[in-house]
Amino acid sequence: MLTVLLLLLLAVAVGVLWWIRQRSEELRRQAEAREAQMLETLFTARRSAAGNGGETLDLEKVFGGETASNATTSADAVLRAAGLQADLIALVKAPPAAAAVPVPAPMPEAVSAMTKAAGPATRPISAAKASVAPSKPSPKPSAPPAVEQPVQVRDLVQIFYEARGYRAVPAARGARPIELVLRHKTDPLRSYAFAPIAEPVSEETARAMLELARRIDQSRVLIATESGIAASLVDSLAAQGIRVLDGATIEAQLERLDFATSAKIRAVARRRAARRAQGEPG
């Protein structure tokens, strides 16, 4: 009798574990479907804005939040609507100073011609004064603008996800090359273990990172690679909970945003890279 009872309890426990696993997979698929729907809404809104004369994309409506008003939206408000943190906004708020345009002085030949055209009633300018008056030196040609270095993929991907409502927290050192955990502000099931790498991504490498992510209680991995990756491999890894973004992919994502927002994201990513190069926490 006791053996039958133990077997019954064991069967119930197995059934409960199976149900929990199925429910977790269902919630994960629903979260991924919501994320895909949000991106599709973003792309559709962008195409609609382009068809209506290039109107600014309403990021608050796409990323979630209150409906945007009809008033002109400042760059600071656009960043806040996109979900950028206050310290990131402070890095890019100050506009560049406008360069002064030199006004060229009139040449002595032009002054002489104007004097002759005015006739005898006009008081002529003496040749002595004209010869004594020093001529202003012509402005030196400005140096060509410095070519900005391209932003690393890891910084573009991290700032792009932070703009979509994710917050980065450091990962355990034992999970390297996973450096961060990108936690969504409202839905924990949409969190990612973030792994920036420079070398090409293989299926074996990606699966190894997924195993490391599970050790720190994360079921999804976001890989930012500086090297390209085949589209067929991207699709097969996505089905396993592994998302890979290379330079071409993240650039395509930024091109779908309006110009002001994508420029702000690039600027913050460039400053983030500079701080990391100086040894400051990213």
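Colleague: Is R266 buried, partly exposed or exposed, and at what relative accessible area?
Modeller: This is a predicted model, in which local features need pLDDT of at least 70 and side-chain atom pairs count only at pLDDT 80 or more, whereas totals for chains, interfaces and linings use all residues. Residues are numbered from 1 along each chain as its sequence is written, and side-chain values use heavy atoms, with hydrogens and water left out. Buried means under 20% relative accessible area, exposed over 50%, and partly exposed in between (1.4 Å probe, protein chains only). R266 therefore counts as partly exposed, with a relative accessible area of 22%.

Colleague: Which residue forms a salt bridge with R266 with the closest N and O atoms 2.9 Å apart?
Modeller: A salt bridge is a side-chain nitrogen of Lys or Arg within 4 Å of a carboxyl oxygen of Asp or Glu, and the structure holds eight of them. In one, R266 has a partner whose closest atom lies 2.9 Å away, and that partner is E251. The pair links distant parts of the chain, 15 residues apart, with R266 in helix α11 and E251 in helix α10 (residues 247-255); helices (H or I, at least four residues) and strands (E, at least two) are DSSP runs, numbered from the N terminus.

Colleague: Which residues do salt bridges that share partners join into one network?
Modeller: R266 also forms a salt bridge with E255, the closest N and O atoms being 3.8 Å apart. That pair again runs between helix α11 and helix α10, eleven residues apart. E255 counts as exposed, because its relative accessibility is 55%. Through shared partners, the salt bridges give one network of E251, E255 and R266.

Colleague: How many residues apart are D155 and R276, which link distant parts of the chain?
Modeller: D155 and R276 form a salt bridge in which the closest N and O atoms are 2.6 Å apart. D155 belongs to helix α7 and R276 to helix α11 (residues 259-277), and the separation is 121 residues.

Colleague: How many of the residues of helix α7 are buried?
Modeller: Helix α7 covers residues 153-163 and is largely enclosed by the rest of the structure. Its buried residues include D155, F160 and Y161. After the helix comes G165, whose phi is positive, near 110 degrees. The count of buried residues in α7 is eleven of the eleven.

Colleague: Which arginine lies over the face of Y192?
Modeller: F160, Y161, Y166 and Y192 form one aromatic cluster. A charge sits over a ring if NZ of Lys or CZ of Arg is within 6 Å of the ring centre and within 35 degrees of the ring normal. R164 lies over the face of Y161, at 4.6 Å from the ring centre. Over the face of Y192, at 4.1 Å from the ring centre, lies R220.

Colleague: Which side chain is joined to that of R190 by a polar contact of 3.4 Å?
Modeller: R190 is found in the loop between β2 (180-184) and β3, and counts as buried at 11% relative accessibility. Leaving aside neighbours within four places in sequence, R190 is in contact (heavy atoms within 4.5 Å) with residues including R164, Y166 and R220. A polar contact is a pair of N or O atoms within 3.5 Å; within protein, one must be able to donate a hydrogen and the other to accept it, and residues adjacent in sequence count only if both atoms are side-chain atoms. The side chain joined to R190 in this way, at 3.4 Å, is that of H184.

Technical notes:
Rings of Phe, Tyr and Trp (its six-membered ring) pair if their centres lie within 6.5 Å; planes under 30 degrees apart count as stacked, over 60 as edge-to-face and the rest as tilted.
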